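Hi everyone, thanks for coming.

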Amino acid sequence: MPSLNAFGDGVYTRRVTRAVDATTFDAVRTRVEAGLEWGVGALAEDDDGRALLVYEDDIWKLPGGGVEPAETREAALVREVREETGVEVGVDELLAVSEVTLVDGARETEFHFGTYRATPESTDLASNPGLADEDIERVAWKRDLPENCLDGDLLRRVR
């Protein structure tokens, strides 16, 4: 994995460790072993300052997901936002890089997660968000970050 110092001035870097259940751990570890090195998320805000969020697994979070082999992080970001929300975005600057360690008991797996600022081309949301194998319940433009927002502290820092 690249050093967190490698991302330059102005990019907030951090290390995050999250305990997850065995099913989540196994799913992510399988993807990491298959080549997943990066996940990406888009901080997209409309002209009224509302952030685009998805609600999945009882938590609000940025739209995003894994970077596929031979895909750039920027291309993955555009694809993931479109798939999860129906919104087309342009990719702006890299805001933050998190070195994420997932743990399940004594087991650990790691990947990087890049948070990018993105500019929405419209505010129209998909009526049926996410892909068939995702558990995205809804998407919304939120002026304030909900209490149950994944990485809420990070988002408040970079907004």
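Let's begin with an open sheet of three strands, ordered S4-S3-S8 and paired in antiparallel fashion. Strand S4 (59–61) and strand S8 (136–142) are at its edges with a single partner strand each, so one side of each has no neighbour in the sheet. From one strand to the next, the twist averages 30°. Strand S3 (residues 51–56) and S8 run antiparallel and are joined by six bridges; in S8, Ala140 stands opposite Leu53. Helix H2 packs on this sheet, touching S3 and S8, and its direction makes about 65° with that of S3.

A few words on terms. Helices (H or I, at least four residues) and strands (E, at least two) are DSSP runs, numbered from the N terminus. Two strands pair if DSSP finds at least two bridges between them. Contact means heavy atoms within 4.5 Å. Axes are lines fitted to C-alpha atoms, for helices over the stretch in contact, and angles run from 0 to 180 degrees between N-to-C directions.

This is a predicted model, where local features need pLDDT of at least 70 and side-chain atom pairs count only at pLDDT 80 or more, while totals for chains, interfaces and linings use all residues. Residues are numbered from 1 along each chain as its sequence is written, and side-chain values use heavy atoms, with hydrogens and water left out. The pLDDT, the predictor's confidence in each residue from 0 to 100, averages 93 over the protein, and 96% of the residues score at least 70.

Now the other sheet. In what order do the five strands of this open sheet come? The order is S1-S6-S7-S2-S5, with mixed pairing. Its edge strands, S1 (12–19) and S5 (64–66), each pair on one side only. S1 runs parallel to strand S6 (residues 89–104), and eight bridges join them. Ala19 has Val103 in S6 as its bridge partner. Helix H1 packs on this sheet, touching S5, S6 and strand S7 (107–120), with its direction at about 80° to that of S7.

Finally, the largest pocket. A pocket is an open set of points on a 1 Å grid over the protein atoms alone, where a 1.4 Å probe fits, with protein on both sides within 12 Å along at least five of seven lines; lining residues have an atom within 4 Å of a point. Here, 39 residues line the largest pocket, and Thr24, Val28, Glu56, Asp57 and Lys61 lie nearest its centre. Helix H1 (residues 22–33) gives the largest share of that lining, five residues.
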